[in-house]
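Here is a briefing on a predicted model. Have the sequence and the structure open as you read.

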Amino acid sequence: MEVPTLTVTPDRYLTVRYAGASGDFNPIHIDEEFARSVGLPGKILHGLWMMAQCARAQTQAGGGPASLKRLSVQFRGMGVPEAELTVTSTVRDETDGIAHVDIVVEQNGRAIIRNADADVVVPRDA
Amino acid sequence: MAVKTEAVGKSWPPTTYAVGREKIREFAHATGETDPLCLDLDAARAAGFDDLVAPPMFAVVYGMPALAPAMFDPEVGIDFARLVHGGQQFSWGELVVAGDEITTTATLTDVSERGGNGFYVFETRSLNDRGAEVCTGVWSNVVRAA
């Protein structure tokens with residue numbers, strides 16, 4: 001199987017909606033002034049939202065929410081709103097109907113999620 | 001930085017989260033999920049589910065109420081001002097559907113120190129109300145050197 005590259009550009013208020021949806025209201029994600037006060041460039045994306053984009057790339061290729069069996073990521077950089085994220089997935093191998101996929105998330109030319117991998121059920125027609 | 005390791009192995013009381021249809025929709029919209037099983041009740045029912053299906057990363061929503069008290073426990077002693085989320089793993093079992101009640105237990109599985117940074121690893125184990133495993137999470141947190 002192949003897992004197509006996913007691109008997504010979070011809008012300015014995405015972090016507010018994700019805070020509400022997830023319950024993570026850490027002010028570094030939703031308050032520009034607070035984020036700057038602790039030395040960040042501004043509001044940063046939730047790592048777990050970025051992980052959700054990794055998950056979405058896999059479930060779209062796998063054919064639905066049941067296809068993703070495992071996902072592991074290392075957060076290695078900060079994501080910011082209003083810039084495109086690219087989720088690149090490479091199928092390393094397939095064994096017993098499960099694809100092992102290596103994933104990288106990049107933004108502004110930097111890999112912000114690395115050493116990420118997933119186990120995805122290979123769709124019957126792939 | 002001296003890390004406290006006394007709490008390794010400690011588990012906190014389980015929490016139960018009732019999964020709501022509109023919470024699934026809200027989470028799906030916030031994460032860009034487009035799968036009809038997560039958004040369209042007719043599509044979910046036509047596929048044999050009782051209600052909307054949660055996207056895999058909804059594990060964050062039902063896992064957090066169990067994890068938060070563990071992370072804030074003074075016995076663990078995390079300095080939140082220096083906390084960063086280092087890594088995350090989820091393994092999924094049975095799908096979560098609106099109407100399910102998910103019970104999650106959090107355990108501190110490891111505390112270590114490398115290069116002055118503290119590493120805290122928690123595990124969450126979530127079961128549905130039929131006793132089936134729906135998700136195991138491994139949450140790796142780093143407390144940066146002062």
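## The sheet and what packs on it

Strand E3 (residues 85-95) of chain A pairs with strand E4 (residues 98-107) of chain A in the antiparallel sense, over 10 bridges. Two strands pair if DSSP finds at least two bridges between them.

This is a predicted model: local features need pLDDT of at least 70, side-chain atom pairs count only at pLDDT 80 or more, and totals for chains, interfaces and linings use all residues. Residues are numbered from 1 along each chain as its sequence is written, while chains are lettered from A and ligands numbered from 1 in the order in which they are written.

**Sheet**
- Asp93(A) has His100(A) as its bridge partner in E4(A).
- The open sheet has 10 strands with antiparallel pairing, in the order E1(A)-E3(A)-E4(A)-E5(A)-E2(A)-E2(B)-E5(B)-E4(B)-E3(B)-E1(B).
- Strand E1 (6-8) of chain A and strand E1 (15-18) of chain B stand at the edges, each with a single partner strand, so one side of each has no neighbour in the sheet.
- From one strand to the next, the twist averages 20°.

**Helices on the sheet**
- H3(A) runs at about 145° to E2(A). Such angles run from 0 to 180 degrees between N-to-C directions, with axes fitted to C-alpha atoms, for helices over the stretch in contact.
- Helix H4 (residues 59-72) of chain B runs at about 55° to E3(B).

**Core**
- The largest nonpolar core has 68 residues; Met51(A), Cys54(A), Ile24(B) and Phe58(B) have the most contacts inside it. Such a core is a set of buried Ala, Val, Leu, Ile, Met, Phe, Trp, Tyr and Cys residues joined through C-beta atoms within 7 Å.
- Helix H3 (residues 47-62) of chain A gives the most to this core, with nine residues.
- Beyond four places in sequence, Met51(A) touches Leu71(A), Val73(A), Met57(B) and Gln88(B). Contact means C-beta atoms, placed from the backbone, within 7 Å.

**Val53(B)**
- Val53(B) sits in the loop between helix H3 (41-46) and H4 of chain B.
- Val53(B) is buried, with 25 other C-beta atoms within 10 Å. The cut-offs within 10 Å are 20 or more for buried, 12 or fewer for exposed, and partly exposed in between.
- Beyond four places in sequence, its contacts include Pro65(A), Leu37(B) and Leu95(B).

Definitions and conventions. Helix = DSSP H or I, 4+ residues; strand = E, 2+ residues; numbered from the N terminus. Contact = placed C-beta atoms within 7 Å.
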